[in-house]
Amino acid sequence: MPSLTLNFLVALAISGVQVTAQNCACGYKDSSGHVWREAIISTFTQTAGALAAVNNDWIIATDFEAQGGTATANIQYTQANVFEYQDALGLKASAYTGGGSVNCAEIFTNRKDILYGSFRMRAQVPSVPGVVFGFFTYISDTQEQDIEFLSSDVDYYQQVHYTNQPGSLNGNTDPDAAKDVTIPGADFTTFGVHRFDWLPTQTVYSYDGSGLTSQTIISKNVPTTPSEFILNVWSNGDPGWSHGPPTADAIATVQYVNLYFNSTSFSVTAFNSACSAAGNIAPCSV
């Protein structure tokens, strides 16, 4: 199924709920009652293949990022590391060969106008030590909110790092902006839904999987600037964060990414007009 923006959802899986052939001209209503005007639905398990979904709404990064400080390798994002994998999307940081750069994977939305929303992915984290798996909004280093998994964490399969950047204050971790959360009984190496809701006054991070649910709220450093959305798997060998580089291929497996959001390109007035033209139907429940 192609990824769609705003109008029609066909066979959309949302946390196990199937939404079929709906007209969503009046938006997408989440379980908290927020109505989002637009959506990017990327179903990487579709018959056409994961890369077909990527190509609809995402760009594959090919940047070279020189690293400094305590990093021991540079980052080279490469198209080949974004690939079909186990009937889903694979994002890979390749086994390091000592050539100075780690081949890594990143995709980002072809839009940078996203302002508030509810963002979900169903994924398995990498189990090879030495990489970071990120799911986040970004426009600058101080306008960013992150879900990150560090495969070198001792309890990487149940620990997640939530941050509204900057996550440090006076050179130390800011506990009001960065939360390291352990979810006892969770297993992130099995498929689960990782989510955050970007609201004007807070970011609500959550997990639903392994028969468990968890929620963490950060009210500090909530971004206020239109942004893009990014998924990546990377390593630079920094002993203070990614560790590594990995000695074997480290792969995150993503079944879907569902982004429900408002944007600066589709105003409330334009949205209300589109909804009225559609007969003021009920929003789609997500």
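Which residue forms a salt bridge with arginine 195? The views below show this pair and others in a predicted model, in which local features need pLDDT of at least 70, side-chain atom pairs count only at pLDDT 80 or more, and totals for chains, interfaces and linings use all residues. Residues are numbered from 1 along each chain as its sequence is written, and side-chain values use heavy atoms, with hydrogens and water left out.

**View 1. Salt bridge of arginine 195 and aspartate 197.** The partner of arginine 195 is aspartate 197, with 2.9 Å between the closest N and O atoms. A salt bridge places a side-chain nitrogen of Lys or Arg within 4 Å of a carboxyl oxygen of Asp or Glu; by this rule the count is five. Arginine 195 is buried at 15% relative accessible area, and aspartate 197 is buried at 6% (buried, under 20%; exposed, over 50%; partly exposed, in between; 1.4 Å probe, protein chains only).

**View 2. Salt bridge of lysine 92 and aspartate 249.** The N to O distance is 3.8 Å. Lysine 92 belongs to strand S12 (residues 88-93), whereas aspartate 249 lies in the loop between strands S24 (228-234) and S25 (250-263), 157 residues apart. Strands (E, at least two residues) and helices (H or I, at least four) are DSSP runs numbered from the N terminus. Lysine 92 is buried (17%); aspartate 249 is partly exposed (37%).

**View 3. Salt bridge of lysine 220 and aspartate 174.** Here the N to O distance is 2.6 Å. The pair ties together parts 46 residues apart in sequence. Lysine 220 is partly exposed at 30%, while aspartate 174 is buried at 4%.

**View 4. Salt-bridge network.** Glu38, Arg111 and Asp113 are linked by salt bridges.
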